[in-house]
Amino acid sequence: MPGAAAPLPATTEQALKITVVGGFGVGKTTLVRSVSEIRPLDTEETMTRAGTAVDDLAGVEGKRATTVAFDFGRITLDATSVLYVFGAPGQERFWFLWDRLFAGSLGAVVLVDTRRLEDSWYAIDRLEAQGTPFVVAHNDFGESSHDIDEVRAALDLDPAVPLVRCDARERGSAKQVLIALVRHVRSLVMEGSR
């Protein structure tokens with residue numbers, strides 16, 4: 001793991017937080033793992049037959065583990081600032097955790113999979129209702145024939161909300177999602193200061 005033993009710099013003065021949300025099996029844990037400079041904390045547990053009546057595996061039939069609390073990663077931005085990345089669990093039975101994870105967040109990434117797009121609507125609705133800045137990242141598993149405009153239309157996404165394509169497995173791609181979120185938040189702050 002990159003930086004598995006990387007301690008927090010002693011010069012750190014500022015901690016920023018973002019949250020990654022979305023439906024079950026969209027790649028939230030994978031994204032956190034991809035960008036974290038430390039070995040990420042995750043709460044993945046093996047899926048059992050007891051969950052088959054609860055978790056819909058359509059489109060993610062190969063999924064064998066699921067997040068039951070949250071994922072946590074860290075990125076050092078500079079000598080004084082770090083970014084904490086929290087990945088939320090996607091199943092409805094864990095949504096009660098989201099408000100805690102959103103608290104103090106700079107913003108959020110809504111990760112979507114076009115095979116299960118309807119699983120993203122709740123996250124988008126909740127963030128809009130709370131007024132939390134967010135971007136939407138279409139996690140392309142290499143099977144998507146949908147272009148970004150089709151995804152935007154299917155989500156009925158506000159034109160002001162950035163929508164980007166990514167591959168959560170690729171560090172560089174996942175980092176670009178976080179950069180898009182920071183740029184979006186910055187633009188909102190700049191607009192608000194005028």
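A salt bridge here is a side-chain nitrogen of Lys or Arg within 4 Å of a carboxyl oxygen of Asp or Glu. By that rule, the side chains of Asp167 and Arg169 form one, at 2.8 Å from N to O. Asp167 counts as buried, with a relative accessibility of 17%, where buried means under 20% relative accessible area, exposed means over 50%, and partly exposed covers what lies in between (1.4 Å probe, protein chains only).

Before going further, a word on what you're looking at. This is a predicted model, so local features need pLDDT of at least 70 and side-chain atom pairs count only at pLDDT 80 or more, while totals for chains, interfaces and linings use all residues. Residues are numbered from 1 along each chain as its sequence is written, and side-chain values use heavy atoms, with hydrogens and water left out.

Now the overall layout. The chain has 5 helices and 8 strands; these are DSSP runs numbered from the N terminus, with helices being H or I of at least four residues and strands being E of at least two. Walk along the sequence and you get the pattern β-α-β-β-β-β-α-β-α-β-α-β-α. Of the 194 residues in the chain, 45% count as buried. Take the contacts (heavy atoms within 4.5 Å) with a separation of 6 or more: 73% of them are between residues 24 or more positions apart.

Setting aside residues up to four places away in sequence, Leu31 touches Val20, Leu111, Ala168 and Ala174. And here Asp167 comes back into the story: Leu31 and Asp167 are 136 residues apart in sequence, yet their C-alpha atoms are 8.3 Å apart in space.

Back to the salt bridges, of which the structure holds 5. One of them joins the side chains of Arg74 and Glu37, at 3.0 Å from N to O. Arg74 lies in strand 4 (residues 71-76) and Glu37 in the loop between helix 1 (28-35) and strand 2 (44-46), so this pair ties together parts that are 37 residues apart in sequence. Both partners are tucked away by the burial rule: Arg74 is buried at 7% relative accessibility, and Glu37 is buried at 17%. Another salt bridge links Arg116 and Asp119, again side chain to side chain at 3.0 Å, N to O. Here Arg116 is buried at 5%, whereas Asp119 is partly exposed at 24%.

The structure holds 2 aromatic pairs, meaning rings of Phe, Tyr and Trp (its six-membered ring) with centres within 6.5 Å; planes under 30 degrees apart are stacked, over 60 edge-to-face, and the rest tilted. The rings of Phe72 and Tyr84 have centres 5.4 Å apart and planes at 35°, so that pair is tilted. Phe72 lies in strand 4 and Tyr84 in strand 5 (residues 81-87), so the pair ties together parts 12 residues apart in sequence. Ring pairs link Phe72, Tyr84 and Phe86 into a cluster.

Next, Arg126, which sits in helix 3 (residues 121-130) and counts as buried at 13% relative accessibility. Its side chain makes a polar contact of 2.7 Å with that of Tyr122. For such a contact, a pair of N or O atoms must be within 3.5 Å; within protein, one must be able to donate a hydrogen and the other to accept it, and residues adjacent in sequence count only if both atoms are side-chain atoms. Leaving aside neighbours within four places in sequence, Arg126 is in contact with Trp95, Trp98, Asp99 and Phe102.

Last stop, helix 4 (residues 148-155): Asp147 caps its N-terminal end, with a side-chain oxygen 3.0 Å from the backbone nitrogen of Asp149. Helix 4 is followed by Asp156, whose phi is positive, near 50°.
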